Amino acid sequence: MTPLITVIIPNYNREALLPVAINSVIKQLPEDSEIIVVDDGSTDGSVAAARAYGRQVTVVCQANQGPGAARNLGLSRATGEFVQFLDSDDLLAEGSIGAACSLLQQSGADIAIGCWVKGRFLSKTEFHPANGVYQAHGLPIGQDLVYWLLTHWSVVPHQMLIRRSIIERTSGFPVDLRLAEDQEFFLRCLLEGARVVWCPDFLMLYREGNSGKLSEGDTVRKGGDWARFLIRARTLCLESGRTDPLQWLGYRLRVWQACEDLRRAGVTGELVDTLSKLLHGHDTPLLYKLVRHYWSIRGGFQQRLTGGRAHPCFRIGKLTAQQRERIRKSGYSVKA
């Protein structure tokens with residue numbers, strides 16, 4: 001029987017957290033599903049922790065190559081109609097996968113994007129939200145998702161269930177990036193014509209305060225990867241016959257900010273030069289500074305209203321009573 005859903009969990013040195021991630025999905029998956037843990041060269045007991053699940057979990061190992069390569073290896077073994085990515089330190093609230101799967105089956109869409117919330121686990125059973133719920137009120141509106149992704153928005157792959165057939169039309173995740181590899185993957189899906197729907201009953205809990213997160217790592221590496229993504233994203237859009245992102249102020253602001261960040265970190269050379277050339281003949285640095293200041297002030301007001309400073313396209317809302325109950329059913333209390 002062909003599995004309906006494949007869950008792919010890349011892992012690196014998270015022996016204690018990996019079982020939490022696995023447990024969050026194993027009890028909500030249909031019987032005709034598979035879980036693949038891709039260990040990315042761990043030096044702790046992660047592999048043994050995953051293999052302890054027996055036939056319920058397929059474990060594949062590789063030398064440390066980063067999240068993109070790990071997810072690609074998982075994809076090469078996946079046989080499910082739909083694919084759910086999950087980082088090994090995060091978890092999905094009860095009923096999330098089933099809700100997204102039903103929505104994709106009913107709508108015929110390629111990607112179901114759900115809600116997610118950052119927070120800390122103060123104990124094994126207590127979750128403390130750090131802000132409001134992202135995409136609580138739906139997807140960004142007013143422009144298409146390519147525009148939002150390259151100007152003010154971002155995604156995490158574990159907030160979505162994806163039809164495997166659309167993934168197969170892309171080249172998967174870039175392996176040379178350890179940050180923004182997920183943004184490029186999602187962009188490639190969009191440029192291949194992926195139909196995206198919002199799933200309000202999907203909720204992912206994103207663990208903050210974990211030193212192993214790549215998003216909390218080396219500033220220079222993060223800045224360089226983000227800059228390379230912005231440059232490549234423009235090329236991909238042009239090759240697809242889409243609007244040149246340089247026409248969008250939000251994109252130019254991101255390019256300018258990436259250039260400034262690298263310069264402050266002491267980075268020089270071809271990458272910084274390429275960013276500078278992209279902006280040549282466009283706005284003045286003063287405009288970028290004013291826009292950034294405006295969004296900072298607006299973010300402060302928004303923090304008080306919604307619990308989050310992110311751009312309005314994230315459509316942040318407060319954790320609802322229903323979402324709190326689903327977290328409780330997943331085995332966690334929610335600290336106010």
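**A friendly note on this predicted model**

1. Gln135 sits in the loop that runs between strand 7 (126-129) and helix 5 (145-151). Helices here are DSSP runs of H or I with at least four residues, strands are DSSP runs of E with at least two, and both are numbered from the N terminus. Gln135 has a positive phi of about 60° although it is not a glycine. In general, most residues other than glycine have a negative phi. The relative accessible area of Gln135 is 0%, so Gln135 is buried; buried means under 20%, exposed over 50%, and partly exposed in between, with a 1.4 Å probe and protein chains only.

2. Before going on, a word on the model: it is predicted, local features need pLDDT of at least 70, side-chain atom pairs count only at pLDDT 80 or more, and totals for chains, interfaces and linings use all residues. Residues are numbered from 1 along each chain as its sequence is written, and side-chain values use heavy atoms, with hydrogens and water left out.

3. Ala180 is another residue to look at for its backbone. Its phi is near 75°, a positive value in a residue other than glycine. Ala180 belongs to the loop between helix 6 (164-167) and helix 7 (181-191), and its relative accessibility of 4% is why Ala180 counts as buried.

4. Now for the whole chain, which has 12 helices and 10 strands. A compact globule of 336 residues would have a radius of gyration near 20 Å, and the chain agrees because its own value is 20 Å. That radius is taken over C-alpha atoms, and the globule rule is 2.2 Å times the number of residues to the power 0.38. Along the principal axes, the C-alpha atoms fill a box of roughly 60 × 40 × 40 Å. Of the 336 residues, 55% count as buried.

5. Which residues does Ser96 touch? Leaving aside residues up to four places away in sequence, they are Gln28, Asp201, Phe202, Leu203 and Arg326; a contact means heavy atoms within 4.5 Å. Ser96 lies in helix 4 (residues 96-107) and is buried, with a relative accessible area of 0%. For the chain, among contacts between residues at least 6 apart in sequence, 74% join residues at least 24 apart.

6. You will find Gln28 in the loop between helix 1 (18-26) and strand 2 (33-40), buried at a relative accessible area of 14%. Its contacts, again not counting residues up to four places away in sequence, are Leu92, Ala93, Glu94, Gly95, Ser96 and Ile97. Gln28 and Val83 are 55 residues apart in sequence, and their C-alpha atoms are 14 Å apart in space.

7. Ile26 is found in helix 1. With 23% relative accessibility, Ile26 counts as partly exposed. Ile26 touches Ile35, Tyr53 and Gln56, residues up to four places away in sequence not being counted. Ile26 and Gln56 are 30 residues apart along the chain, with 8.1 Å between their C-alpha atoms.

8. How many disulfides are there? The count comes to 0, where a disulfide is a pair of cysteine sulfur atoms within 2.5 Å. The cysteine sulfur closest to that of Cys189 belongs to Cys237 and is 14 Å away, so the two are too far apart for a bond. Cys189 is buried at a relative accessible area of 0%, and Cys237 also counts as buried, at 0% relative accessibility.
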